[in-house]
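Here is a short briefing on cores, helix packing and domains. Look at the sequence and the structure first.

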Amino acid sequence: MSHITLSAKAVTRHVDCRSLVPNLLSDKSMAEIAAMRLAADLTVADVFEVSVEADEAHTITFLNTTSAHQYIGFAMTAGQIIVAGDAGDYLGAQLQNGVLICKGNAGARAGDRMRRGMLLIEGNVGEYCASDMMAGTLGVLGNTGAYLGYGMKRGTLLLAQAPAAQATWIDCGLHKLPFLNILYKSFKRLDSRFTQINSQRVQRLVGDMGGLGKAEMLVIQP
Amino acid sequence: MVINGVDIDDTFAEAFNMRGTRILITAQNLRWAYNAANAMTGFATSVIGCGVEAGIERELTEDETPDGRPGLSVLMFAMGSKVLMQQLETRMGQCILTCPTAAAFAGIESEDMISLGKHLRFFGDGHQVSKQIPDANGKRKRYWRIPVMDGEFLTEETTGMVRAIGGGNFLVLGASQAQVLTACEAAIDAMRQHPNVIMPFPGGVVRSGSKVGSKYPKMFASTNDAFCPTLKGVVKSELDPRVESVMEIVVNGLSFEDIAVSMKAGIEAACGLGKDNGILRISAGNYGGKLGQHHFKLRPILSGEVK
């Protein structure tokens with residue numbers, strides 16, 4: 001187990017971060033991580049300062065990232081990723097398990113085809129957030145873009161801000177849901193602004209009726 | 001051995017291996033948690049006729065429950081895993097699912113996990129929602145949210161099944177029915193201060209202790225005539241002329257130590273009323289020691305030799 005910190009260097013191109021997940025890096029040394037290829041002409045050392053500390057946690061922290069850093073947390077299966085900055089497109093796409101926290105804004109397709117685990121975004125997200133999402137929990141404290149939950153099958157979108165109305169999402173009204181207390185308790189062990197949420201009263205929307213229609217958006221009420 | 005003028009028989013309670021589980025029941029307030037738990041543990045006094053033996057273990061504060069609401073912990077025991085699973089599912093469906101605001105959670109961890117809401121989820125008719133949420137230790141647990149008319153019924157998918165012991169007991173013998181009942185009430189109050197045990201009979205006390213067999217061929221148990229005060233002189237009685245009433249407290253627990261500790265507390269509380277208040281003897285029920293795997297010897301337990 002280790003705590004890996006990847007401090008982003010200034011870049012002028014997109015950086016594909018899909019191989020930088022805890023399950024792929026956990027048994028690698030600092031030198032091995034630095035030498036990993038992110039593209040044919042790009043190594044980790046070209047775009048990140050790498051540090052590794054022995055730790056009981058199974059965590060990667062990204063520092064200074066921007067919208068150029070794409071596919072962070074792609075298909076991760078375990079552990080935790082903290083993005084202490086912005087993230088590009090496909091943040092947490094195909095997430096299989098674990099916890100991914102983004103303290104800044106995220107690009108398009110956050111949580112695309114996510115299957116399990118928890119993706120918590122403290123800032124805003126771009127369009128097609130949770131597209132084709134299959135299950136799991138995706139929280140957004142900021143604003144959401146167009147086509148939210150497009151093709152979403154199952155899972156929960158926890159929203160602090162009301163989304164734009166969409167024809168394929170049905171408003172099921174306001175409710176107090178006891179399970180939210182359990183979810184909020186699970187946030188307490190995380191370093192995230194999500195720990196401040198405590199309202200069990202939510203507006204529930206169900207969709208995407210253009211597909212399976214078993215997903216839900218829960219819009220937290222004050 | 002004599003405690004406060006009360007004779008302690010040199011005998012033992014004979015107890016059996018059982019399977020047990022614990023369920024945490026929460027609700028909007030304790031009133032409704034009790035409504036759910038009382039229904040779930042109703043008609044669960046003896047495996048002979050009820051399938052399981054169950055009872056409320058204790059109240060839980062909001063800090064102790066998974067969903068932060070007031071609650072109760074319930075222990076349930078059966079002679080085998082199959083009947084325990086059947087009874088748990090039936091009682092979950094009829095007593096917890098039906099009770100307004102009630103939710104149910106696993107109360108014990110084990111390698112053997114049995115269904116709590118795993119099959120009950122189908123009541124949702126396709127609208128049920130599964131949520132996997134990590135607990136305080138980061139271990140993911142699966143919950144089911146089932147739409148019901150008062151909102152959502154929330155239940156954890158499974159709970160643990162563990163090896164347990166049932167049939168610890170002691171008898172309180174006294175000069176009158178009222179005095180024995182008062183002593184038993186004191187004993188139950190003391191025993192309920194201890195975790196991991198339940199006393200499954202009404203109010204924790206049973207007045208119809210039984211012996212194995214009967215003069216009627218179809219009956220496999222019948223009244224414990226040796227301890228029936230109205231049969232003194234008619235049968236080979238265990239009672240001396242002063243005894244006018246006998247009551248039994250049966251205790252099931254998760255371990256031998258749990259039962260022994262609670263029995264000690266209960267007997268000491270019963271003896272606290274003393275000979276002056278009509279409590280004359282403490283004895284225990286057994287079958288000669290050949291049937292039960294566990295023997296709770298009264299005198300070593302009370303002297304502290306067995307903990």
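Domain bounds come from an automatic or database domain assignment. The centres of domain 1 and domain 2 of chain B, taken over C-alpha atoms, lie 31 Å apart. This is a predicted model: local features need pLDDT of at least 70, side-chain atom pairs count only at pLDDT 80 or more, and totals for chains, interfaces and linings use all residues. Residues are numbered from 1 along each chain as its sequence is written, and side-chain values use heavy atoms, leaving out hydrogens and water.

**Domains of chain B**
- Domain 1 covers 2–15 + 165–303, and domain 2 covers 19–162.
- Their contact (heavy atoms within 4.5 Å) takes 13 residues from domain 1 and 14 residues from domain 2.

**Nonpolar cores**
- A nonpolar core is a set of buried Ala, Val, Leu, Ile, Met, Phe, Trp, Tyr and Cys residues joined through side-chain atoms within 4.5 Å; buried means under 20% relative accessible area with a 1.4 Å probe, protein chains only.
- The largest has 47 residues, and A:Leu6, A:Leu20, A:Phe48, A:Phe62, A:Leu91 and A:Leu138 touch the most other members.
- Another core, apart from it, has 32 residues, including B:Phe296 and B:Leu302.
- Beyond four places in sequence, the contacts of A:Phe48 include A:Leu6, A:Cys17, A:Leu20, A:Phe62 and A:His69.

**Helix packing in chain B**
- Helix α4 (residues 177–191) and helix α5 (residues 256–273) pack at about 145 degrees, with their axes 7 Å apart.
- Among the residues that meet are B:Ala183 and B:Ala187 in α4(B), and B:Gly266 and B:Ala270 in α5(B).
- By class, this contact has 10 nonpolar, 3 polar and no charged residues.

Note on methods
Chains are lettered from A and ligands numbered from 1 in the order in which they are written. Buried means under 20% relative accessible area, exposed over 50%, partly exposed in between (1.4 Å probe, protein chains only). Axes are lines fitted to C-alpha atoms, for helices over the stretch in contact, and angles run from 0 to 180 degrees between N-to-C directions. Helices (H or I, at least four residues) and strands (E, at least two) are DSSP runs, numbered from the N terminus. Ala, Val, Leu, Ile, Met, Phe, Trp, Tyr, Cys and Pro count as nonpolar, Asp, Glu, Lys and Arg as charged, and the others, Gly among them, as polar.
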